[in-house]
Every structure is written in structure tokens, then in C-alpha cells.
Amino acid sequence: MPKNKTHSGAKDRFKVTGSGKIMRRRANKNHILEHKTSKRKRKLGNEAVLSPADAKNMRKLLGK
């Protein structure tokens, strides 16, 4: 059986923590930032944990 290849797009967008959680970026931090509050932009800068349902599929793409 051949090895599974890592999905290139997923590799760049997600990271796996030491405990095995998958981290993702938050949406809405790319453009049109002028009307968003500083508090909102600051919170969007933090990474979020991927939901368990999505994490299952992401593990296959990441080969973990």
C-alpha cells in the first residue's frame, strides 16, 4: 500500500499542537479592516482550535 500524500493547501493553513489539536486561522482579518474595532481585530489575530468534526477530516489531509 503506498503512503498517503500530505495535502499542500492544508499543510500551509493548519498546524498540529503537541497535544494533537489542530489549530486554524480566524476569518475576516485580511481586508476591510478600517471599520472593524481594535478589539475585534486583536481577537481575530489569535488562532482557534478546529472543531472535532472538522479535525477528523483534516487529519486525513495532513497525514496524521
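The model is predicted: local features need pLDDT of at least 70, side-chain atom pairs count only at pLDDT 80 or more, and totals for chains, interfaces and linings use all residues. Residues are numbered from 1 along each chain as its sequence is written, and side-chain values use heavy atoms, with hydrogens and water left out.

Start with the secondary structure. The chain holds three helices and three strands. Both are DSSP runs numbered from the N terminus: H or I over at least four residues for helices, E over at least two for strands. In sequence order the pattern reads α-β-β-α-β-α. The chain is more spread out than a compact globule, because its radius of gyration is 15 Å, well over the 11 Å that the globule rule gives for 64 residues. That radius is taken over C-alpha atoms, and the rule is 2.2 Å times the number of residues to the power 0.38. The C-alpha trace spans about 55 × 20 × 20 Å along its principal axes.

Next, contacts and surface. A contact means heavy atoms within 4.5 Å. Among contacts with a separation of 6 or more, 55% join residues 24 or more positions apart. Of the 64 residues, 19% count as buried. Buried means under 20% relative accessible area, exposed means over 50%, and partly exposed lies in between (1.4 Å probe, protein chains only). The accessible surface comes to about 5600 Å², and carbon and sulfur atoms own 50% of it. These areas come from the Shrake-Rupley method with a 1.4 Å probe; for residues, only the protein chains shown count as cover.

Now the charges. The chain carries 20 positive and 4 negative charges, and their mean positions are 6 Å apart. Lys and Arg count as positive, Asp and Glu as negative; His and the chain ends are not counted. Each charge is placed at NZ of Lys, CZ of Arg, CG of Asp or CD of Glu.

A salt bridge needs a side-chain nitrogen of Lys or Arg within 4 Å of a carboxyl oxygen of Asp or Glu. The count is one. Lys15 and Glu47 form it, at 3.6 Å from N to O. The pair links distant parts of the chain, 32 residues apart: Lys15 sits in strand β1 (residues 15-16), Glu47 in the loop between α2 (38-44) and β3 (48-49). Lys15 is partly exposed at 47% relative accessibility. Glu47 is also partly exposed, at 38%.

Finally, look at Ala10 in helix α1 (residues 8-13). Ala10 is buried, with a relative accessible area of 5%. Beyond its neighbours within four places in sequence, Ala10 contacts Met58, Leu61 and Leu62. Ser51 lies 41 residues from Ala10 in sequence and 15 Å away in space, C-alpha to C-alpha.
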